[in-house]
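Please consult the sequence and the structure shown here while reading.

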Amino acid sequence: MRLHHLILACASFTAANAFASPQAPVQGADYLVLATPQPVQTAPGKVEVIEFFMYHCPACNALEPSLARWVKDNAATVSFRRIHLPHTPANDPEAHLFLTLEALKKEEALHAQVMHTWHVERKRLASDKDNLDWALKNGLDKATFEGAYQSFGVQTRLKNLPRLAASYQVDSTPTLIVGGRYLTNPSMVAGANPALPRQGVDQATLQVVQALVAKAKLAK
């Protein structure tokens, strides 16, 4: 009986892959539905899209140009924000820098510069000192930066990041969450659409996100 169930499950997964496409994404192949829908932070009429990412992640860096264009093109209907997945379980310097810039309302303005530091300059921001040096180099006031970096609010959010990621069922980057309900990422889309060329995966992922935004609107 168990073998029979296993065969049926494998057949179902194969069938899903056979009909998966970025324009008409299939649940279980191109995307997943979260076991527990998460609260959203967005204005009425808009759909929230979250990117879970890490500064050092090459795939996140590769997705960034296409994602930035997509966010700009869909600004009227989509509310976009990022969450930094912690690379280390506690006191992760990358996530700590992200949360500090976010607290200072500098994250959006300086996001590209942090990515440039990691992926073009090839400089690792792997400690509190690295982060402070980077902040000063990029025009931030030392006392203001350190005050936010060491603040109770930032420290608390840093401590809670692993639990937050778990609530969204995220364990890799980049991963995109749509409407607090749907999860997709380039690895899923590539696996569901094996004929896609590697250079087309990021664009296909955003096509899946676009379809999920439409789906989330209908679900409201």
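## Helix α2

The bend at a residue is the angle between axes fitted to the seven residues ending there and the seven starting there. Helices (H or I, at least four residues) and strands (E, at least two) are DSSP runs, numbered from the N terminus. In this predicted model, local features need pLDDT of at least 70 and side-chain atom pairs count only at pLDDT 80 or more, while totals for chains, interfaces and linings use all residues. Residues are numbered from 1 along each chain as its sequence is written, and side-chain values use heavy atoms, with hydrogens and water left out.

Helix α2 bends by about 45° at E64, and a proline, P65, follows within four residues.

## Buried side of α2 and the cysteines

Buried means under 20% relative accessible area, exposed over 50%, and partly exposed in between (1.4 Å probe, protein chains only). In α2 the buried residues are C60, L63, E64, S66, L67, W70 and V71. They pack against β2 (47-53), β3 (78-84), α4 (107-119), β4 (175-178) and α9 (201-219).

C60 has a relative accessible area of 1%, and C57 is also buried, at 6%. With a disulfide taken as a pair of cysteine sulfur atoms within 2.5 Å, the count comes to 0 disulfides.

H96 lies in helix α3 (residues 93-103) and is buried, with a relative accessible area of 5%. Contact means heavy atoms within 4.5 Å. Not counting residues up to four places away in sequence, H96 touches D128, Y149, V154, Q155 and L158.

W134 belongs to helix α5 (residues 128-137) and is buried at 4% relative accessible area. Leaving aside neighbours within four places in sequence, W134 contacts L97, L101, L110, Q113, V114, T117 and L125.

## Strand β4 and its partners

Two strands pair if DSSP finds at least two bridges between them. β4 pairs with β2 in the antiparallel sense over 4 bridges, and I50 stands opposite I177 in β4.

Strand β5 (residues 182-184) runs antiparallel to β4, joined by 3 bridges; V178 has Y182 in β5 as its bridge partner. The two strands β4 and β5 form a hairpin with 3 residues between them, and G179 in the turn has a positive phi of about 60°.
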